[in-house]
Amino acid sequence: MEQAYADYLAALLKKREMPIHCVSLIAHIKNSKQAMKGESEVSDQETFEGFKQKLVDKNEEKYGAEIRAKYGEAEVDESNANLMGLTKEQYAKSERLRAAYESALKAAFEEGDPAGARAHEACDLHRQWLCIFYPKYSKHYHRGLAELYRADERFKVNFEKLAVGCTEFFCNAINAYCK
């Protein structure tokens, strides 16, 4: 484990231009290495900060260039800053909302009415979840995400695991919700 930390730290330090999130990640890795040696302790907050940074880094790696081209540097940076600014309680709330909207979506899908009350509930829970990460919510933004879910297999897989055909249903439900 210590070698993995050392290797990751070395890779980060090799970067010529180091964004601020890399600086904080490097500090977290150094603290973790010291804690492993018994030289210091890593607080729960530091661990949580490292966890959030890992989420940002993973999202940047997977979608960064694409979403920056589509939405702009400032929007993506703001969204990342929103995630990094979440407290443990806010993050836990986001996970509860995600589970709730997925559960409501699955039940709505089984009912079969994308404009029904259960589908509306799923979309509203999804809106609440989105607002944690992107407070500038608009119906236009929500409909745009629905189209992204429909068109991109990377997102579609998340809804198809609930039920085959669920992505299309959810997109129709979001469009009905956003009228």
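1. Which helices each supply at least two residues of the lining of the largest pocket? In this predicted model, they are helix H3 (44-71), helix H4 (73-84), helix H5 (88-111), helix H6 (117-133), helix H7 (139-151) and helix H8 (153-160). The largest share of that lining, 10 residues, is contributed by H3.

2. The largest nonpolar core comprises 36 residues, within which Leu 105, Trp 129, Tyr 149 and Phe 170 have the most contacts. Its largest share, eight residues, comes from H6. Apart from its neighbours within four places in sequence, Tyr 149 is in contact with residues including Trp 129, Leu 130, Phe 155, Phe 159 and Phe 170.

3. Of the 15 salt bridges in the structure, one joins the side chains of Glu 75 and Lys 136 at 3.3 Å, N to O. Because Glu 75 lies in helix H4 and Lys 136 in the loop between H6 and H7, this pair ties together parts that are 61 residues apart in sequence. Glu 75 is partly exposed at 24% relative accessibility, and Lys 136 is also partly exposed, at 43%.

4. Within helix H5, Arg 98 and Glu 102 lie four residues apart, about one turn of the helix, and their side chains meet in a salt bridge of 3.2 Å, N to O. Here Arg 98 is partly exposed, with a relative accessible area of 27%, whereas Glu 102 counts as buried at 14%.

Definitions and conventions. Residues are numbered from 1 along each chain as its sequence is written. This is a predicted model: local features need pLDDT of at least 70, side-chain atom pairs count only at pLDDT 80 or more; totals for chains, interfaces and linings use all residues. Side-chain values use heavy atoms; hydrogens and water are left out. A nonpolar core is a set of buried Ala, Val, Leu, Ile, Met, Phe, Trp, Tyr and Cys residues joined through side-chain atoms within 4.5 Å. Buried means under 20% relative accessible area, exposed over 50%, partly exposed in between (1.4 Å probe, protein chains only). Contact means heavy atoms within 4.5 Å. A salt bridge is a side-chain nitrogen of Lys or Arg within 4 Å of a carboxyl oxygen of Asp or Glu.
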